[in-house]
Amino acid sequence: MEERYIKDCKVSLLGMGCMRLPRKETANEIDIKTTEKMIDLALQSGITYFDTAYPYHEGKSEIVIGNILKKYPRKSFYLADKLPIWNCKSLQDVQSIFEEQLRKCQVDYFDFYLCHAMNLERLKLYKEFNVFPYLLDLKKQGKIRHLGFSFHDAAQNIEVILKELPWDFAQIQLNYLDYDMQDAKQQYELITKYGASVVVMEPVRGGMLAEVCEPATHLFKEERPQASIASWALRYVANFPNVKVILSGMSSLEQLQDNINTFTSYEPLSKKEENIILEAKKHILGNEFIACTGCKYCMPCPFGVDIPRIFRTFNLYGIHHDLLLFKKDIETLGTIDCKACGKCMKECPQKLQIPILIEKIKKRVQ
């Protein structure tokens, strides 16, 4: 397994994101047996970095991960968790949540701890509640080994946050589409300038870059017939030297094994392959698609619209261009009657104009 360093920690380049754990077919619950098999295989294959958060899987991700990892020696893995400042009204709430997270994960410390989904508005809460001195004190105590933040805001705002503390790392959305679309290039360069390591989320853009339009697929398969489409996206991100961990939200053993294969026989992109990605990117961007990663931060919708599933269905239509199948699939998703209340847009990390996009889809199926 390819490895890199964050400060004094030698971490696996491939990390396991625990926001999209496998679910049972008959219920909206984590499939614990499959998740345990995946974590066992991950550790056996050299994956050492596991990333969870307080709200993942309705608060159950931390519990499941803690129950599985407790059978392994504590020093055999690195665990990352995140503070949801939006759930807090005081420093006491922050303290309570942190202690709750330790209990749920059944650990005495976090190797990596993040201020979750940071933006300028949430930065104000950290200052108002005097949270940063508390987190730095936890670091002195050894309850937090490395302190960082995940970022969901306009690229130009990240420098304000980087100036607040001597951060060890920052987690950003980086892939070959968002390098330009979300200005991940500027984010990466600023984090590097301030001496912090980069952890990447959404390298395959919520699965969007695992299944692309036919012209892009042809380019990838012609060059590397045996390689998965997703492997191209992962290798693209790995080409950045200050990227130390690439988080993949794997939902099946098959996805896990494919990603393991990519990083146990890791090959940096050649110049020819870089040009192939640039050419494939032109086809993808020229294709009709919605830049949703399926993170579900926009949910629940007050009016019952399943926004991420509708957008994913639309993106699949952009790949197969089967209008009849698209209409049939949309019908199975329930209502698409958006009331344009705007609640979802406030939470969307991609800053999507969701009501406008839903209206576009409604017109397509009429």
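Tutor: Leu14 stands opposite Ile246, a residue of strand 10. Helices (H or I, at least four residues) and strands (E, at least two) are DSSP runs, numbered from the N terminus. The model is a predicted one, in which local features need pLDDT of at least 70 and side-chain atom pairs count only at pLDDT 80 or more, while totals for chains, interfaces and linings use all residues. Residues are numbered from 1 along each chain as its sequence is written, and side-chain values use heavy atoms, with hydrogens and water left out.

Strand 10 covers residues 243–248 and pairs with strand 3 (residues 14–17) through 3 bridges, the two running parallel. Two strands pair if DSSP finds at least two bridges between them. Strand 9 also pairs with strand 10 in the parallel sense, again over 3 bridges. Within that pairing, Val199 has Val245 of strand 10 as its bridge partner. Strand 10 is mostly covered, with 6 of its 6 residues buried. Buried means under 20% relative accessible area, exposed over 50%, and partly exposed in between (1.4 Å probe, protein chains only).

Gly195 is partly exposed, at a relative accessible area of 45%.

Another loop, between strand 7 (144–151) and helix 6 (158–162), holds Asp153. The side chain of Asp153 reaches the backbone nitrogen of Leu120 at 3.1 Å and makes a polar contact with the side chain of Asn157 at 3.2 Å. A polar contact is a pair of N or O atoms within 3.5 Å; within protein, one must be able to donate a hydrogen and the other to accept it, and residues adjacent in sequence count only if both atoms are side-chain atoms. Apart from neighbours within four places in sequence, Asp153 is in contact (heavy atoms within 4.5 Å) with Met118, Asn119 and Leu120.

Next, the rings. The structure holds 16 aromatic pairs. Rings of Phe, Tyr and Trp (its six-membered ring) pair if their centres lie within 6.5 Å; planes under 30 degrees apart count as stacked, over 60 as edge-to-face and the rest as tilted. Tyr78 and Phe112 are edge-to-face, because their planes are at 75°, and their ring centres are 6.0 Å apart. Tyr78 belongs to strand 5 (residues 78–83) and Phe112 to strand 6 (residues 110–118), so this pair ties together parts 34 residues apart in sequence. Tyr78 is buried at 18% relative accessible area, and Phe112 is buried at 0%. Phe98 and Tyr113 make another edge-to-face pair, with centres 5.1 Å apart and planes at 85°. One aromatic cluster is formed by Tyr176, Tyr179, Tyr188, Tyr236 and Phe240.

A charge sits over a ring if NZ of Lys or CZ of Arg is within 6 Å of the ring centre and within 35 degrees of the ring normal. The charged end of Arg74 sits over the ring of Tyr109, 4.1 Å from its centre.

Last, the cysteines. With a disulfide taken as a pair of cysteine sulfur atoms within 2.5 Å, the count is 0. Cys344 is in no disulfide, and the nearest cysteine sulfur, that of Cys341, is 5.9 Å away. Cys344 counts as buried, at 8% relative accessibility.
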